[in-house]
Amino acid sequence: MGLPPRLSAIELDPETGETQWTTPLEGHFASGIVATEERLFVQTPTEEGVVILRTDDGNEDGFLSDALATATA
């Protein structure tokens, strides 16, 4: 198995260490990460928002823009 793209979210099996899925972040990379059982929240480096990934398959499940917070700051 080759190496994943440089900027990726990767889920590993906690028992075996085997890669379960790899999701390239395509310009969205972590300056902050929060995980729950069902979702991974990845803050963009410019803090323009948060990319939401599903933990079961790594697919993107949405994007939360911080445009409101920026506009009111």
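Helices (DSSP runs of H or I, at least four residues) and strands (DSSP runs of E, at least two) are numbered from the N terminus. This is a predicted model, in which local features need pLDDT of at least 70 and side-chain atom pairs count only at pLDDT 80 or more, while totals for chains, interfaces and linings use all residues. Residues are numbered from 1 along each chain as its sequence is written, and side-chain values use heavy atoms, with hydrogens and water left out.

Start with the whole chain, coloured by secondary structure. Of its 73 residues, 19% are buried (under 20% relative accessible area, with exposed over 50% and partly exposed in between; 1.4 Å probe, protein chains only).

Next, select Ala 9, Trp 21, Leu 25, Leu 40, Val 42, Val 51 and Leu 53. These seven residues form the largest nonpolar core, a core being a set of buried Ala, Val, Leu, Ile, Met, Phe, Trp, Tyr and Cys residues joined through side-chain atoms within 4.5 Å. Strands β4 (39-43) and β5 (49-54) are the elements that give two or more residues to this core.

Beyond its neighbours within four places in sequence, Ala 9 is in contact (heavy atoms within 4.5 Å) with residues including Trp 21, Leu 25, Leu 40 and Leu 53.

Finally, select Thr 23 in strand β2 (residues 19-24). Thr 23 is buried, at a relative accessible area of 14%. Its side chain reaches the backbone oxygen of Gly 58 at 2.6 Å. Leaving aside neighbours within four places in sequence, the contacts of Thr 23 include Leu 7, Ser 8, Asp 57 and Asn 59.

Conventions
Polar contact = N/O pair within 3.5 Å; in protein donor to acceptor, adjacent residues only side chain to side chain.
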